[in-house]
Amino acid sequence: MKNNTKRLVSLLFVLILIISTVTACSGNNAKNDTADRDPGTNNANVTQEKNDVAFTDISGDIRGNTAPTQEQIDEVNATLNDTYLGDNYDEVIPSDYSAYPVKGDVVLDVWMPANSNIPDMNNHAVQKQVEKLTGIKVNFITPPIGQEADAFTLMISSGDLPDIIIEPGRYPGGLEAGVNDGAYLDLTDLMEKNAPNYTQWRNSDETRRKTTVTDGGRLLGFYGIAPYSEWTWFGMLIKQEALDKTGLAVPNTIDEWHTFLTKAKEVGYKAPLNYGSTYGQIFTGIINGAYGVWDWTFLDGNGKVAWGPAQPKAKEYLATMQQWNKEGLLNPDWATADFNQRMASAISGDTAVMMDSPDTMWSYWKEQSGIDFVGALNPVLNTGDKSATTYKNFKRTGTEAAITTQADNVEAAMAWLDFSYSKKGWEIINFGEYGTVHLIDDSGMPYYPENSYIYKDPEGQPVSTTLWKYRMHTWPNIRDEHHANPLITAKGSYSGEIRKYWTENMDTSMAVPPLTFTKEEASREAELGNQLSTLRGEYFAKIIMGELPVDAYDKFLKEAQSMGLDEFLSIHQAALDRYNKR
């Protein structure tokens with residue numbers, strides 16, 4: 001962390017935090033002097049020198065090589081030479097290495113949430129390799145697991161900031177509010193010069209461009225942006241043995257699902273449907289989506305923002321789930337079960353169907369328990385209806401990073417982040433080290449051989465851990481989920497096939513793109529959103545559990561409207577209108 005104790009900055013951050021968290025309003029128009037200051041004035045004496053970079057083509061030695069020599073391994077891992085990598089996407093990944101290695105003794109402080117699969121980020125293999133190639137040393141600051149929110153709040157309120165923050169959207173009001181309040185830098189005028197790879201990549205596709213700029217045209221951070229819209233990752237998964245025991249086909253309509261679950265219970269599955277999402281939430285957009293009762297906001301037939309819980313067939317959906325719950329078709333702890341409880345239920349003989357990710361269930365069902373499974377499309381109400389989902393990737397993925405106003409060397413901070421959007425950075429962050437973790441196929445695409453550390457960890461850790469241990473699964477970078485997620489690419493895995501099947505056969509026209517709110521909107525949206533979410537959760541859960549009659553929904557809807565539902569929707573509509581004009 002910086003030793004800078006700018007009292008004005010500290011006092012302002014405290015004031016901002018108090019206003020944001022206590023009153024949930026943002027009428028304060030005060031602005032820190034650093035918000036209007038040229039970011040270049042924060043630079044220390046370390047300067048960047050652009051270097052001409054030229055490499056010998058080594059593709060003939062590396063592509064298709066399944067037993068590289070140590071010299072070849074070193075050439076790949078210890079240099080910026082990327083000539084062996086192919087152009088495997090519609091747009092070419094940039095290869096601008098003119099900033100590396102950065103001259104001088106540069107050390108960056110980077111705050112990021114902790115990850116239980118990464119004991120020490122400062123010794124992570126990928127980050128150590130990036131450090132060597134860029135010439136930039138990084139000191140990662142990670143709070144204890146479970147204390148991220150408090151640690152972030154304390155850091156912001158203290159006014160003592162690192163150079164870079166991963167997940168800067170934790171700031172009250174979001175990333176843009178952090179820039180407006182003087183915590184983060186506006187990078188708009190610096191991107192083209194100091195982040196040539198990120199600039200080229202985000203501008204190579206209209207969707208990537210549109211989702212990484214504010215409504216006002218500002219560039220505030222580095223976003224995770226993919227070469228494609230990633231496949232749908234969450235849906236209905238059925239044990240193959242349950243289909244065999246019931247003798248029924250994969251269900252499609254709500255009535256077919258009821259018939260299947262009833263039969264599954266008859267043949268021995270005590271609670272056939274594990275109802276809920278990864279953390280025990282009941283709103284998944286899977287069953288309720290059949291009724292048009294989407295979890296939250298969605299686009300209606302006119303392209304306007306609507307609220308799922310307030311749709312006409314909500315009572316019909318609630319009556320169905322109340323009946324299913326009464327008949328014992330759902331796991332009794334659906335409203336409270338955490339991840340471990342759900343996975344314990346999944347591998348037991350009580351569960352026939354999971355609402356989850358096929359990547360996760362490949363690990364828990366197939367790899368660990370030898371249980372085969374299939375994916376079903378989201379249910380529909382009537383035969384002939386098109387299965388649908390409000391999930392759409394919009395080529396935004398992973399996470400984001402912001403540079404703070406207290407960064408000592410802005411150019412170096414940008415160069416370090418920009419490396420992740422180069423072809424070499426794409427390889428290292430997605431696929432890890434060459435040789436022990438990945439090799440290169442004949443087309444120049446990295447892949448994990450069967451003896452990769454990803455699948456055969458020397459310490460015996462499972463793939464769910466090694467996908468973090470030897471690579472970065474979520475990062476501000478060009479994330480190649482379809483080729484680099486080892487749960488998808490594992491020998492025999494059909495996780496990716498299920499996700500692709502879902503994506504290609506479900507309507508996503510109602511999906512809302514990533515919106516940004518103004519400072520005033522963000523405060524009010526968060527306040528109303530929290531109130532509406534709590535109200536929805538309480539009413540829907542009690543109705544499904546039979547503690548309230550279905551007709552209690554009418555009272556719920558009136559309360560939602562009196563809380564400010566119309567105002568909530570108007571905020572989202574205004575943000576959508578601005579997004580469409582970007």
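## Strand β3 and I165

I165 sits in strand β3 (residues 164–166). Helices (H or I, at least four residues) and strands (E, at least two) are DSSP runs, numbered from the N terminus. The model is predicted: local features need pLDDT of at least 70, side-chain atom pairs count only at pLDDT 80 or more, and totals for chains, interfaces and linings use all residues. Residues are numbered from 1 along each chain as its sequence is written, and side-chain values use heavy atoms, with hydrogens and water left out.

I165 is buried, with a relative accessible area of 0%. Buried means under 20% relative accessible area, exposed over 50%, and partly exposed in between (1.4 Å probe, protein chains only). Residues up to four places away in sequence aside, I165 touches W111, F152, M155, I156, Y184, E400, A401, A402 and T404. Contact means heavy atoms within 4.5 Å. I165 and I403 are 238 residues apart in sequence, yet their C-alpha atoms are 6.5 Å apart in space.

## The five-stranded sheet

β3 belongs to an open sheet of five strands, in the order β2-β1-β3-β11-β4, with mixed pairing. Two strands pair if DSSP finds at least two bridges between them. β2 (136–141) and β4 stand at the edges with a single partner strand each, so one side of each has no neighbour in the sheet. From one strand to the next, the twist averages 25°. Axes are lines fitted to C-alpha atoms, for helices over the stretch in contact, and angles run from 0 to 180 degrees between N-to-C directions.

β3 and β11 run antiparallel and are joined by three bridges. I166 stands opposite A401 in β11.

## Nonpolar cores

A nonpolar core is a set of buried Ala, Val, Leu, Ile, Met, Phe, Trp, Tyr and Cys residues joined through side-chain atoms within 4.5 Å. The largest one has 101 residues. Those with the most contacts inside it are I164, Y184, F222, I403, M414, W416 and W475. Helix α15 (residues 410–418) gives the largest share of this core, seven residues.

Y184 contacts residues including F152, I165, P168, Y171, A402 and I403, with neighbours within four places in sequence left aside. A second, separate core has 59 residues, among them A242, L273, L535 and A541.

## The four-stranded sheet

Another open sheet has four strands in the order β6-β9-β5-β10, with mixed pairing. Its edge strands are β6 (273–274) and β10 (373–376), each pairing on one side only. β6 runs parallel to β9 (residues 353–356), and two bridges join them. L273 has V353 in β9 as its bridge partner.

Helix α13 (residues 339–347) packs on this sheet and touches β5 (235–239), β6 and β9. The direction of α13 makes about 150° with that of β9.

## Helices α12 and α21

Helix α12 (residues 314–326) packs against helix α21 (residues 519–544) at about 50°, with their axes 8 Å apart. The two are therefore oblique to each other. Angles under 35 degrees count as roughly parallel, over 145 as roughly antiparallel, 65 to 115 as roughly perpendicular and the rest as oblique.

From α12, Y317, L318, M321, Q322 and N325 meet F540, I543 and I544 of α21. By class, this contact has six nonpolar, two polar and no charged residues. Ala, Val, Leu, Ile, Met, Phe, Trp, Tyr, Cys and Pro count as nonpolar, Asp, Glu, Lys and Arg as charged, and the others, Gly among them, as polar.

## Backbone exceptions

Most residues other than glycine have a negative phi, and most peptide bonds are trans. Y100 and P101 are joined by a cis peptide bond, with omega about -10°. P101 lies in the loop between α3 (70–77) and β1 (106–111).

E167 is not a glycine, but its phi is positive, near 65°. E167 lies in the loop between β3 and α6 (175–180). With a relative accessible area of 27%, E167 is partly exposed. F394 also has a positive phi, about 55°. F394 lies in the loop between β10 and β11. At 12% relative accessibility, F394 counts as buried.

## Whole chain

The protein chain has 23 helices and 13 strands. Of its 582 residues, 55% count as buried. Among contacts between residues at least 6 apart in sequence, 76% join residues at least 24 apart.
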